[in-house]
Amino acid sequence: MKKAKDIINDINLTRIVMALAALLSLIAICLVVTRHTPSQKHAQQEHSSVVSVASGDTLSGLLLAQGLTHNDVNEIASVLKKEAGIAGLRAERDKLEFVRPNGNAPVSKIVVVPSPWRQVNLTCDESGSWKCETVDVERDTRAVWRSGEILDGDSFYLAGQRAGIPAGILIDVYDLLAFEMDFERDVRAGQKFWVLYEENFSDGNKIDNGNVLAVSFQALRGNVQMYRFKKSDGTIGYYDENGNGAIKSLKRTPINNAKITSNFSKKRKHPVLGFTRAHKGVDFRAPTGTPIPAAGAGRVIARSYNRGHGNFVKIRHNGSFETLYAHMSRFAKGVNVGTNVRQGQIIGYAGSTGYSTGPHLHYEIIKDGVHVNPMTVKLPAISNLGKADKKKFLEYREVLDDGIKKLERHPSLYIQL
Ligand SMILES: [Zn+2]
């Protein structure tokens, strides 16, 4: 008989699941234990064929080719739209499965798979009418941990890629850290970081990545740490290690990873005008056409042109803050005075209009009518935790931190959620 240690060595380490799920579910949070149930095999000898939707294919064309009548086609199209919200097929992405009770019988069931996590079953009953049922595909979610270090001449993005963090997750991490960090000034060689994020599996195959669950970065101003947490009212947010809201009402740097070319200062020699005057914002280098997201949710109070700012947009946010974005090449469609915008919504595109030496974004934050330094102003959190939620968060964080400590020692393991 093999010793336990040998067996563990035999099952490649990457296959070992950490038994954290039970602990995590005990404290009734967003983590759910999923159990895999084998799909039931049909007893009858059904006949099934799968058709991949190609460019130029239409739903009616594909259905008629399977011997369905025009009446069937109309009914199926209407039931799909009404019950499953599917109005058309996507070429090179969607697949249709046609099932017949036997090889010669008419189609009695059609399976449409609009996403890896959703399956729509259309079945024909004895009276000949079609019914639609949507089934959520069971997913097996694992939390994986990746860590990296900034090297000389590195960017966070390069270091993240080297650490094996997928591009989509890195973009989410950027968006989160941008509330606390300035990637231009806070990133130095030797800094370490890690990310805990979800990978979704179906039948043992990885399908896609999920959410960022926690992130840590050794910034110059101190360690920045954030955790994803679901409040008792169901809203999900990110919080620092003490349970303070990590998502701020405004972003210091609306464009991720943009180099600062000129800082906020009370006195600066103007590059175009030549004389000394205050620089009331921060300049970010950005090629013409770079999308400019709103730093926070708010209402557009100006969308205009003047000689200094060129094309600019000004947004009033909740509370006492306003932001201004200047030198745009053009405005985003649908953004007008009075438009309510979301945080991150594209309001315009970088350019060099007005007094400007080259394409860049000039970004200002105005607090109670006074221009403030976007890099240092204290920004309010969007959502803080109440007493009860804070207690739950701290318990959750402790459990998660324990798991993360184990992953630090064995990075090829994962947490089963
Ligand atoms: Zn400027």
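**Close-up views of the predicted model**

**View 1. Tyr305 and Asn311 across a strand pair.** In S18, Asn311 is the bridge partner of Tyr305. The model shown here, as in every view, is predicted. The pairing strands are S17 (residues 298-306) and S18, which run antiparallel over 8 bridges. A hairpin of 3 residues connects S17 to S18.

View 2. S18 pairs with strand S19 (residues 321-328) in the antiparallel sense, here over 5 bridges. The hairpin of S18 and S19 has 3 residues between the strands. Within this hairpin, Gly319 takes a positive phi near 80°.

**View 3. Strand S18 and its cover.** S18 spans residues 310-317 and is mostly covered. Of its 8 residues, 6 are buried. In a regular strand, side chains alternate between the two faces of the sheet. For the chain of 417 residues, the buried share is 29%.

**View 4. Leu89 in its loop.** Leu89 sits in the loop between helix H4 (70-84) and strand S3 (95-100). Leaving out residues up to four places away in sequence, Leu89 touches Val53, Asp57, Leu59 and Asp94. Take Asp57: Leu89 and Asp57 are 32 residues apart in sequence. In space, their C-alpha atoms are 8.1 Å apart.

**View 5. The whole chain, for orientation.** The secondary structure comes to 7 helices and 25 strands. Consider contacts between residues at least 6 apart in sequence: 63% of them join residues at least 24 apart.

**View 6. Confidence along the chain.** The mean pLDDT of the chain is 86, and 87% of the residues score at least 70. Where is confidence lowest, and where highest? Helix H1 (residues 4-10) is lowest, at a mean of 40. Strand S20 (residues 330-331) is highest, at 98. Over residues 1-17, pLDDT is below 50, and this stretch has 9 contacts in the model beyond near neighbours in sequence. Residues 21-43 also stay under 50. The model gives residues 21-43 a total of 25 contacts beyond four places in sequence. Where pLDDT is low, the predicted coordinates should not be read in detail.

Methods:
Residues numbered from 1 in each chain as written. Helix = DSSP H or I, 4+ residues; strand = E, 2+ residues; numbered from the N terminus. Contact = placed C-beta atoms within 7 Å. pLDDT = per-residue confidence, 0-100. Buried ≥ 20, exposed ≤ 12 C-beta atoms within 10 Å, placed from the backbone. Pairing = 2+ DSSP bridges.
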